[in-house]
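Subject: Structure for you to look over

Dear colleague,

Please find the structure below, followed by notes on what was found in it. I would be glad if you read the notes with the structure open beside them.

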Amino acid sequence: MSTETASQPVTAVANPPTVPLAAGFDARDLVRISATTQQPTPERQLTPVAKLIDVSKCIGCKACQTACVEWNDTIPEIEENVGVYENPHDLTPDMFTLMRFTEYENEETNNLEWLIRKDGCMHCEDPGCLKACPAPGAIVQYSNGIVDFIHENCIGCGYCISGCPFDIPRLSQRDHTVYKCTLCSDRVAVGQGPACAKACPTQAIVFGTKDDMKAHAEERIADLKSRGYDNAGLYDPAGVGGTHVMYVLHHADKPSLYEGLPDDPVIAGTVEAWKGPTKTIGLAAIALAAVGSIVHNVMTRPNAVSVNDERQAGDIVDAAAPPDSTPPRRDQA
Amino acid sequence: MTNSWTDIKNTDLVIVMGGNAAEAHPCGFKWVTEAKHHRGAKLIVVDPRFTRTASVADMYAPIRPGTDIAFLMGMIRWMIENDKVDWDYVKNFTNASFLVREDFGWQDGLFTGYDEGKRDYDKASWDYQFGEDGYALTDPTLQDPRCVWNMLKAHVDVYTPEFVENITGTPRDKFLKIAEMIGETSAADKTMTSMYALGWTQHSKGSQNIRGMAMLQLILGNIGVRGGGMNALRGHSNIQGLTDIGLMSNLLPGYLNMPTEKEPDWTTYMESRQFRPLMEGQTSYWQNYSKFMVSFMKSMWGDAATPETDWAYHYLPKLDVPAYDMLRMFELMHQGHVNIYFCQGFNPLLALSNRGKNTEALAKLKLLVVMDPLETETSRFWENHGIYNDVDPAAIQTEVIQLPSTCFAEDEGSLVNSGRWLQWHWPGATAPGQAQTDVWIMAQIFLRLRELYRTEGGVVPEPILNLTWDYADPNEPTAGELAREMNGRALTTLTDPNDPSKVLVEAGQQVLNFSQLKDDGSTMCGNWIYSGSWNENGNNMARRDNSDPDNTGTYQNWAWSWPMNRRILYNRASADLDGNPRDPSRPLIWWNGERWEGYDVPDIAVTAPPGQVMPFIMNPEGVSRLFSRGMMRDGPFPTHMEPFESPMQNVFNDRMRGNPVARVFESDVEQFATSEEFPFVGTSYRLTEHFHYWTKHNRVNAVMQPEFFVEISEELAAERGIARGGMVRVWSKRGSVQAKAVVTKRIKPLICGGKPVHVVGIPLHWGFTGAARKGFGPNTLTPFVGDANIETPEFKAFLVNIEPLAGEPIA
């Protein structure tokens, strides 16, 4: 194997020491805002960023899940074991990323493969969630590619869930808004990488500019091909304009082997049909948003404190000792 | 570890066998990923289960639990047969050429000298032939049929690939493919690293498993070189420190030994520790034993340790048995011979075999003191938790005192990692509530005890009354004070023996390292192998310079590594007889014509001429041992033995159960099962999501892996009618547990002796305290027997049965 290697990803790599990305992006860098007729035209273009998940380096340790919970201050349920390694068993409003495990018997090599994929928001260049969203300003995209949910604008209609080709967003029964991975927009905004990448012990998750990540992926793909994975490749699906979370796969010809990763994701036709980039439809979106609000209220009843809310609040209070030292929870702020 | 974590990046081939590095050591495993990514290294995993390590391996092979020796001896046989031997290394740096006594032999699975009644060997014949000069006889041509090499060849001859397959269940084609991959590293410019852990130690012949691989590595020339080595992945933060500091009943700090009652005085004790070289001109570094021992005694008892008092030798307890290991302690407790048990950083109710016996034993104590940062099952052993701890509190009279202690992140000190690095750390948080450091607690107990001896007297009060305790605050010695004590200092001014006018160390100053220690009482040192860690240069353990010239991975200025800041042990063996690097692409140390120099601290006297002084300076032979003489209780070569509970009889000797010299307590024999009653093989292990029984207290870890489960093959599930996610009962002759079933393709039946062997995998992270769901540990099921040499319990191979559980468990 050649000793010529691509430069190390500069951010979010715990070892060797990190070098911060150029810091700073904010509302001025928005390129798309949900359900808004006038899309912004920012004065500058940020360098597109990406998280690269090398499935072949992943050991399924769930440090990324843990870091995600810690950074986002979520409190997922302690569930049961249902006969598999996935815990929680699916993405939830409190678990934005999830290791998914697939036992694959490769008939060509006669070997068992345990394919472990970190699932979560792909941060599509052409985000189906944003296009489907009827609530003005609830979903936004920055010029670096990050797709973020603005919870105070979310009406909880769940259209983003059906608009997502990857089945990622999850509706919270606690505050009736939708949650997903933010690509740690709050960390990236100050020049750091995502928490999951920081915690990953094997550098299976790395973060940087999209170009750097692609170069890094090429090196990894060459290594995999040298080990007999002839179909190794990068998952950066064109159907959604490419993604800002990409995978290196041993079997890039069969993404669906990896616990349902879509082979060729596209935004559902219905979403495209009524969310085209025209003013007319934009206006229709506003109307729909209003309908959505009504539907939301009808469907979900006025916000009432449930037993679940009470218990979670109790947990938070219990955890906060002394009480004034605990920062407000992100989803309550 | 002979090498370090960071050195793994230098390897060409990683074999993970007897461990699950990605799962149990995910942070250290990054160096395997690094070797794969930037060196193109390959990874082999041999394990009963397809583990998370296997998920990123280039080659995986299954193996029946407890048959590693057969696999490894088969490997050695294959290397010899196919001439994949590093001949220069074997001839020069091992004892291959040494002649073995004529009366040594092996037959029916046993070496010469076996006494069935005593369950022990008379090891007299397990030795070299010696000349009249006292040196061992050798045949450098390796022609003599009694030379170690030919004895080894004969010993491994039976381990053909077919024989190995029959015992281990490892498919022959996979075995042979792995042999080819390993064989490539016999070249001087290729190395393999062995990463192992409790998958090898937790057997009744655990030490021999490890020796098997060590011998293979020596034959391949992979010891003492970059990217090579025998790398024991230690399972707890600072468990390496525990062993180094001698926290075992038969050890003193720095691997000095506790005296036995056969050594009533200093002279007798030292007589058996002369370590006379067995070959001319060799170092035999343990000849310095008395310097380390006297300095240790001075650190303990100061002015009371003098030549006249035999250095206070009579203060030391004298062992009447080989060791008071934990199995023996709980056996004694079970017999009612123990009144008080101090349990510091230890959770034996879940960590020791045969939990039912442990519960009974703890109930016979008068007082149990538990020092721990967390609630432990041991401290609550008397509390009823339904099926998870089904005891009657009213029937238990043991008084339990819990002393909350700080955790690692709340106190200052050093932690020793697997690679022998002492890394200083500072508190990151203030301890909650009334928690105190372990040092404070021990100091309080000591001061009160000493006061009682002062005022009330007692039997042999001197060791307590005269214990050195000169700390600024006697109530709480600081980590720095203790560390400086371990480094050692001059008690009187030390001068250069060749030039008495030249002062080496002023009285009261820290010694530079253990080369300055004396056996005349002029130095003190708490732990000679740590000497150099905090000398007059300051706290070397706190160094944080991560520069690494030429990317060798040695990181000489990061923290401090024992001994002498040496990063790769036996590194002299990386150079040839002329002192040149054997692999010019990976130089480590070399002879520059006058002295040794290089990237690492040479593991040889720096002026020792190459070609004369051999690399294995701790051995009186100067070379490494393929034949280990009488150093181990169960044989000078590893030989296949079945676990105490096994689905197969020993193919060499159907009368032999388990390790024929492993200690077995009478009351435990009747609790060993046969495969007629218990047809399946149980094995225990960790999961990445948890650390032992600690992290179940943490909500986030509990979310990641909430509930106790066992893993079985699809075939066994079908045979027993078990559904994925269903509840099952797993039981052995000692106990029963209930668990969720994970039905997986990652465990497959193994064909051994023509019959399928099913494995039941049992992870170990659940109990009845903490945030996770209540569950059981595998120790409810495991047998009460340990390794013949070091008594590590046999947790990795035992017999169980399994069935679906009717109805739902009691929550």
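Between chain A and chain B, 20 residue pairs are in polar contact, with both residues at pLDDT 80 or more; a polar contact here is a pair of N or O atoms within 3.5 Å, where, within protein, one must be able to donate a hydrogen and the other to accept it, and residues adjacent in sequence count only if both atoms are side-chain atoms. The elements that each give two or more residues to the side of chain A that touches chain B are α1 (63-72), β3 (98-106), β4 (111-119) and α6 (210-226), helices (H or I, at least four residues) and strands (E, at least two) being DSSP runs numbered from the N terminus. The largest share of that side, 5 residues, comes from β4(A).

This is a predicted model, in which local features need pLDDT of at least 70 and side-chain atom pairs count only at pLDDT 80 or more, while totals for chains, interfaces and linings use all residues. Residues are numbered from 1 along each chain as its sequence is written, chains are lettered from A and ligands numbered from 1 in the order in which they are written, and side-chain values use heavy atoms, with hydrogens and water left out.

To return to the interface, the contact (heavy atoms within 4.5 Å) takes 46 residues from chain A and 47 residues from chain B. The area buried between the two chains, that is, the accessible area (1.4 Å probe) that two parts lose on being put together, summed over both, is about 4000 Å², of which carbon and sulfur atoms give 55%. On the side of chain A, A:Ile78, A:Tyr85 and A:Arg227 lose the most area to chain B, together 19% of what that side buries. The rule for salt bridges (a side-chain nitrogen of Lys or Arg within 4 Å of a carboxyl oxygen of Asp or Glu) finds 5 across this interface, and B:Arg746 forms a salt bridge with A:Glu103, with their closest N and O atoms 3.0 Å apart.

Within chain B, B:Thr193 lies in strand β8 (residues 192-196), and it counts as buried because its relative accessibility is 1%, where buried means under 20% relative accessible area, exposed over 50% and partly exposed in between (1.4 Å probe, protein chains only). The side chain of B:Thr193 makes a polar contact with the side chain of B:Asn231 (2.7 Å).

As for chain A as a whole, it has 9 helices and 11 strands, and 55% of its 333 residues count as buried.

With best wishes
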